[in-house]
Amino acid sequence: MYKHFLGVMIVFVLAGCEQQTENRSDMLFTKIPGRFSNITFNNTLEEDEHFNIIEYLYFYNGGGVSIGDINNDGLADIYFTKNQGHNALYLNEGNFKFKDITQAAGVQGTGNWTTGVTMADVNADGLLDIYVCGVGNYKHFTGINQLFINNGDLTFTERSAEFGLHFQGFSTQAAFLIMI
């Protein structure tokens, strides 16, 4: 039975790898290359004998992405988290063109294993804030969840402690609820 199942899986994989040569007008998505969009973010992982899937079960869980309009211009901006390294915030300039404003906005993040991100208006001022989750206080991880409050001028201030959201431990993703 196992051999039969494996054979079926190989057929599906090979069928999925078939190259499409016809021009399809019914496609739902179009790939936009980074050289056009200016989005060059890449969440690469570097493993070694001390840090890998055996040493950390969630090694391949990936990072996170959140999409929201941080400056209320009607265009969706993008924030990416990077497991090993700095996160990135891209401002949507329209026509699928983005500008990396990470450094100027002050949202690159700290810590050494970031896992997820959520955009929400945490302080109810009409501007989206950015809440970044990570792993800390485990092995060599030093991360702490960070809340970047939107200053309204494409800059942010980290204020997780003030809002009681400076959790340090195992964190993957957060969600915020609006109570009416």
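**View 1. The hairpin of β3 and β4 has 2 residues between its strands.** Look for N95 here, which takes a positive phi near 55°. Strands, by the way, are DSSP runs of E with at least two residues, numbered from the N terminus. Keep in mind that this is a predicted model, where local features need pLDDT of at least 70, side-chain atom pairs count only at pLDDT 80 or more, and totals for chains, interfaces and linings use all residues. Residues are numbered from 1 along each chain as its sequence is written, and side-chain values use heavy atoms, with hydrogens and water left out. Strand β3 covers residues 88-94 and pairs with β4 in the antiparallel sense over 4 bridges. To count as a pair, two strands need at least two bridges found by DSSP.

View 2. Why is β3 called largely enclosed by the rest of the structure? It's because 6 of its 7 residues are buried, meaning under 20% relative accessible area with a 1.4 Å probe and protein chains only (exposed is over 50%, partly exposed in between).

**View 3. D77 is a buried residue without a salt bridge.** D77 sits in strand β2, residues 77-80. A salt bridge would need a side-chain nitrogen of Lys or Arg within 4 Å of a carboxyl oxygen of Asp or Glu. For D77, the nearest side chain of opposite charge is K99, and that one is 12 Å away. (Lys and Arg count as positive, Asp and Glu as negative; His and the chain ends are not counted.) So what does the side chain of D77 reach at 2.7 Å? The backbone nitrogen of N92. Leaving aside neighbours within four places in sequence, D77 is in contact (heavy atoms within 4.5 Å) with several residues, including S66, G68, Y90 and M119.

**View 4. C133 sits in strand β6, residues 129-134.** Is C133 buried or exposed? Its relative accessibility is 1%, so C133 counts as buried. Not counting residues up to four places away in sequence, C133 touches a set of residues, among them T114, G116, N145, S171 and A174. Then there's G64: it is 69 residues from C133 in sequence, yet their C-alpha atoms are 9.0 Å apart in space.

**View 5. A second open sheet of 4 strands runs in the order β5-β6-β9-β10.** Its pairing is antiparallel too. The edge strands here are β5 (114-120) and β10 (156-158), each pairing on one side only. On average, neighbouring strands of this sheet are turned by 20° against each other, direction ignored. Between β5 and β6 there are 6 bridges, and the two run antiparallel. One to find: V117, whose bridge partner in β6 is V132.

Definitions and conventions
Lys, Arg positive; Asp, Glu negative; His and termini not counted. Polar contact = N/O pair within 3.5 Å; in protein donor to acceptor, adjacent residues only side chain to side chain. Axes fitted to C-alpha atoms, helices over the stretch in contact; angles between N-to-C directions.
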